[in-house]
Number of protein chains: 2
Amino acid sequence: MAIPFGDDVAAYPAGDKELFILKTDMLVGKTDVPPGMSLWQAARKAVVMNISDFAAKGAKPKAMLVSLGLPDHLTKRNIIEIGAGLNAGAREYDTHILGGDTGEASDLIISLSVFGMAEKGKVMLRSGAKPRDLIAVSGCFGKTLSGLKILLDHLEASRKVREVLVDSVLMPKARLQEGLALGKTGAVSAGIDSSDGLAWSLHEISKASGVGIVVDKLPTAKEALEFAKANGLDPTELTLYGGEEYELVLTIKPKLWQKALEASGGKLLLIGKVTTEKEVVFEFRGKKRVVEPRGYEHFVGEKCLSRR
Amino acid sequence: MAIPFGDDVAAYPAGDKELFILKTDMLVGKTDVPPGMSLWQAARKAVVMNISDFAAKGAKPKAMLVSLGLPDHLTKRNIIEIGAGLNAGAREYDTHILGGDTGEASDLIISLSVFGMAEKGKVMLRSGAKPRDLIAVSGCFGKTLSGLKILLDHLEASRKVREVLVDSVLMPKARLQEGLALGKTGAVSAGIDSSDGLAWSLHEISKASGVGIVVDKLPTAKEALEFAKANGLDPTELTLYGGEEYELVLTIKPKLWQKALEASGGKLLLIGKVTTEKEVVFEFRGKKRVVEPRGYEHFVGEKCLSRR
């Protein structure tokens, strides 16, 4: 098999040197669309969710198909808004929608199938991490879980912080440009996105590669830190156990660190290293804390969509 | 564009001679799973729905991805049953499941994305029909709508007839072997499956090809005829305006009729011909009747799935 079962995307051989890369992921209104998110944003998010996995594998998305399940309370204007959000997402990542189908469903369902291409042997699998590789992420964490707490639990934040945190939920970005550039360097030994949270992603790499991970620096976003302080929350919790952040979580060959850093446009943050210990821990001032294998749990809002 | 937008599948060029063929279709519990259909059968049906479009285009399905939306009342055993149904469907059509993802949803959602290959210029588009071409179908009609009336409205039939009619709903077959063989002949000028009913399929060919169609022989299944008689129903209605039958509806170049008939294993039934009139009519004993552009409307059962 070109890509092991259970990795973020599937692959099928296309000639000697290339692979078709295939991915499907479904956005469900009840669990993926928080209050405050417009249908346009929900549709765009469905694209980002899928593109993020291409980014994490260093594979270029080419085109996508859409299957829509539409609750009957949606109006024609709502459906046009969904179409516009899908197209905006597709354009943002230089891909396009080839076709699809629609039907009725109780929830809003936006199921996307994206296909693309990658060079054989260049895909950043979950399973390639080796002891002594560096662990890096493409950005800061903690913003989305904070943003969700604002949207769902009405926690407070200053106007500016609130804007950044809520925006991270409503307008997530996939790190496609960075992922494609990093894939070409050959510096990345393993990759995954952080859609289920940083802790979960680290555990997935650990499991798939048969290695351990020591995190010695938590990549907490300054807005998340400020939000945590203001609300008496644990910033470590926000950083490790959030989700839907769509940052890349990568292991990097130490000798090629500089090359990787440059390919990422200087965005990579070093947060730890790969070990032989088969455990995932956070080490800070000589103290070890186990990073638990739990991830983002979808909120479930009663009829989020009909609230708008 | 290799295949016009709005056709049954989408395509993307793969080198000079081939096309990737892509298709996504979503089975929704509420509208696609009648009472009496097991989860295994529902999952297999989701495969058939998608494969049928490959059959109608003469394109070979290679692999598929699955996105499952699972209502929270489903048990682990239920989910294993769904997996088994998907695998059974995949095996039946010599393809396999490459991966996918699962999440929670209010309805059962089985969204499949199938990809495959076809030779450029050999795809049986909806838009290729020419006046004087013959209209043919790959089997008899009327069974599924009759079967649904048994399952939903509890209409009656003899044991043997009932078995055939209900089986057509619970265990639909895609005409993949026939479609692939017919695609190779070059005899087919246009193709579509009959998942939305025979009348609808004829109208789609008429619209996409800019031609008219005269049907002079209705391909009513003998079991549907018997069922119609026993229940005072119109067999023409059952034949034209049913759906989910997954037969092929094709236009055939007259000179290549024999070749097409052989490729189908003798299954093709001649039901009419293509005209220049831009209308779809049924002509019988000199009388013309308009074939309406209406198709199968999904039943909507309240919580069909939880009834089992």
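In strand β9 of chain B, D193(B) has L248(B) as its bridge partner, where strands, like helices, are DSSP runs numbered from the N terminus (E, at least two residues, for strands; H or I, at least four, for helices). The model is a predicted one, in which local features need pLDDT of at least 70 and side-chain atom pairs count only at pLDDT 80 or more, while totals for chains, interfaces and linings use all residues. Residues are numbered from 1 along each chain as its sequence is written, and chains are lettered from A and ligands numbered from 1 in the order in which they are written.

Strand β9(B) spans residues 248-252 and pairs in the antiparallel sense with β7(B) (residues 188-193) over five bridges, two strands being taken as paired if DSSP finds at least two bridges between them. Four bridges, again antiparallel, join β9(B) to β6(B) (residues 134-137); here I135(B) stands opposite T251(B), and A136(B) has L250(B) as its bridge partner. Five of the five residues of β9(B) are buried, a residue counting as buried if 20 or more other C-beta atoms, placed from the backbone, lie within 10 Å of its own, as exposed if 12 or fewer do, and as partly exposed in between. This burial concerns both faces of the strand, with L248(B), L250(B) and I252(B) on one side and V249(B) and T251(B) on the other.

These strands belong to an open, mixed sheet of seven strands in chain B, ordered β7-β9-β6-β10-β8-β11-β12. Because β7(B) and β12(B) (287-290) stand at the edges with a single partner strand each, one side of each is left without a neighbour in the sheet. Direction ignored, neighbouring strands are turned by 25 degrees against each other on average. Helix α2(B) (residues 39-57) packs on this sheet, touching β7(B) and β9(B), and its direction makes about 170 degrees with that of β7(B); axes are lines fitted to C-alpha atoms, for helices over the stretch in contact, and angles run from 0 to 180 degrees between N-to-C directions.

In chain A, the axes of helices α2(A) (residues 39-57) and α3(A) (residues 76-92) come within 7 Å and cross at roughly 35 degrees. The contact of α2(A) with α3(A) has 11 nonpolar, four polar and two charged residues, where Ala, Val, Leu, Ile, Met, Phe, Trp, Tyr, Cys and Pro count as nonpolar, Asp, Glu, Lys and Arg as charged, and the others, Gly among them, as polar. Helix α4(A) (residues 143-153) is largely enclosed by the rest of the structure, because nine of its 11 residues are buried. The cover of these buried residues includes α5 (159-170), α8 (222-231) and α9 (235-240) of chain A, and just after α4(A), H154(A) takes a positive phi of about 60 degrees.

An automatic or database assignment, the source of the domain bounds, gives domain 1 (10-122) and domain 2 (134-290) in chain A. The contact between them takes 19 residues from domain 1 and 22 residues from domain 2, two residues being in contact if their C-beta atoms, placed from the backbone, lie within 7 Å. On the side of domain 1 that touches domain 2, α2(A) gives the most, with 11 residues. Between the chains, 30 residues of chain A are in contact with 30 residues of chain B, and the side of chain A that touches chain B has 14 nonpolar, 10 polar and six charged residues.
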